[in-house]
Amino acid sequence: MAIERTLSIVKPDGVWNGHIGDCVSRFEKAGLNVVAMKMKTLSRAEAEGFYYVHRERKFFGELVDFMTSGPCVLMILEGENAIARNRDIMGATDPKNAAPGTIRADFAQSIGENTAHGSDAPETAAFETSWFFAGTEINKVVRR
Ligand code: CMP
């Protein structure tokens with residue numbers, strides 16, 4: 001199984017509801033290593049560029065409004081099959097459809113305020129990690 005990197009975001013609702021630690025704990029307990037991390041209030045340009053694949057969707061403005069409404073915690077997670085495993089830990093995009101015990105089932109309010117984001121494929125993971133992190137901000141983390 002390949003070692004992958006994926007972008008994880010604790011969205012503004014996750015921050016203001018006090019779930020940063022819950023999210024990080026779930027990733028770490030699943031064996032994913034946090035190799036880069038920062039808290040950032042996104043500008044509209046940063047959020048619009050990050051979500052450009054959704055630019056034609058009717059919810060795009062609402063998505064950008066929400067993602068710029070407060071600080072996010074941005075992380076790169078690394079580990080075997082990290083992209084799919086992060087998405088399993090988050091659960092389905094709409095919390096109504098998220099499996100019990102997932103981040104979105106436990107903490108999210110709605111499809112818009114859904115607590116966490118994770119890259120959905122290797123190509124998007126490469127784009128999304130580089131959108132927020134320089135190579136020099138990515139660390140080597142080895143578990144003991
Ligand atoms: P995310 O995984 O960050 O990727 C794109 C986001 O768009 C998604 O999570 C949702 O928060 C948001 N989104 C998707 N569909 C809708 C929708 N119908 N209404 C509002 N927001 C949506």
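What follows describes the pocket, its lining and the ligand.

This is a predicted model, in which local features need pLDDT of at least 70, side-chain atom pairs count only at pLDDT 80 or more, and totals for chains, interfaces and linings use all residues. Residues are numbered from 1 along each chain as its sequence is written, and side-chain values use heavy atoms, with hydrogens and water left out.

The largest pocket has a volume of about 650 Å³. A pocket here is an open set of points on a 1 Å grid over the protein atoms alone, where a 1.4 Å probe fits, with protein on both sides within 12 Å along at least five of seven lines; lining residues have an atom within 4 Å of a point. The lining has 26 residues, and Tyr 51, His 54, Leu 63, Thr 93 and His 117 are the closest to the pocket centre. By class, the lining holds ten nonpolar, eight polar and eight charged residues.

The ligand sits in this pocket, a term that requires more than half of its atoms to lie within 2 Å of the grid points. Residues around the ligand (a heavy atom within 4 Å) include Lys 11, Phe 59, Glu 62 and Gly 112.

A backbone N or O atom of Ile 111 is 2.7 Å from a ligand oxygen. A polar side-chain atom of Arg 104 lies 3.2 Å from a ligand oxygen, and for a side-chain N or O atom of Asn 114 the distance to a ligand oxygen is 3.2 Å. The protein buries 81% of the 460 Å² that the ligand exposes when taken alone, with areas from the Shrake-Rupley method and a 1.4 Å probe.

Methods. Grid points are joined across faces, edges and corners, and a volume is the space filled by probe spheres set on the points. Ala, Val, Leu, Ile, Met, Phe, Trp, Tyr, Cys and Pro count as nonpolar, Asp, Glu, Lys and Arg as charged, and the others, Gly among them, as polar. A polar contact is a pair of N or O atoms within 3.5 Å; within protein, one must be able to donate a hydrogen and the other to accept it, and residues adjacent in sequence count only if both atoms are side-chain atoms.
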